[in-house]
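Me: I would like to go through some structural labels. Please show me the structure, and then I will ask about the terms.

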Amino acid sequence: MWVMTMFDLPVETALQRKRYAKFRSTLIKWGYDTLQKSIYVKYCQSDDYCRTIRKMVVQIAPAEGIVNSFSFTDLEFARQDFLRNGERALPPSKPTQMEFF
């Protein structure tokens, strides 16, 4: 499962820019990868974890602007057409599972 979070947040004032930066840095801290400037994607090992992440996104979303977060399966993610500089490219891959000894 994957979670994609897209946002369009105002950055006209210093406070709005601060809220934008905090929201974006939190997504990165949670393990999101950047697909585009305001489109982030994160792999989740289960549907329950995807729902938890989406609830967390709702909790940290700034009051101003638009935030859209949704989940989809590995197969749906693999079916996307991913282009970089006009050439087909590989989308982000599932992270390898961490091993603890």
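Predicted model: local features only at pLDDT ≥ 70, side-chain atom pairs only at ≥ 80, totals over all residues.

Reply: Residues are numbered from 1 along each chain as its sequence is written, and side-chain values use heavy atoms, with hydrogens and water left out.

Me: What makes W2 and Y43 an edge-to-face pair?

Reply: Rings of Phe, Tyr and Trp (its six-membered ring) pair if their centres lie within 6.5 Å; planes under 30 degrees apart are stacked, over 60 edge-to-face, the rest tilted. The W2 and Y43 centres are 5.2 Å apart, with 70° between the planes.

Me: Why is the pair of F70 and F72 called tilted?

Reply: Their ring centres are 5.7 Å apart and their planes stand at 40°, so the pair is tilted.

Me: Why is F72 called buried, and why does F70 count as partly exposed?

Reply: Buried means under 20% relative accessible area, exposed over 50%, partly exposed in between (1.4 Å probe, protein chains only). F72 has 11%, so F72 is buried. F70 has 29%, so F70 is partly exposed.

Me: How do you know that β2 and β3 pair?

Reply: Strands (DSSP runs of E, at least two residues) are numbered from the N terminus. Two strands pair if DSSP finds at least two bridges between them. Strand β2 (residues 33-36) and strand β3 (residues 39-43) have three bridges, in the antiparallel sense. So they pair. Two residues lie between them in a hairpin.

Technical notes
Helix = DSSP H or I, 4+ residues; strand = E, 2+ residues; numbered from the N terminus.
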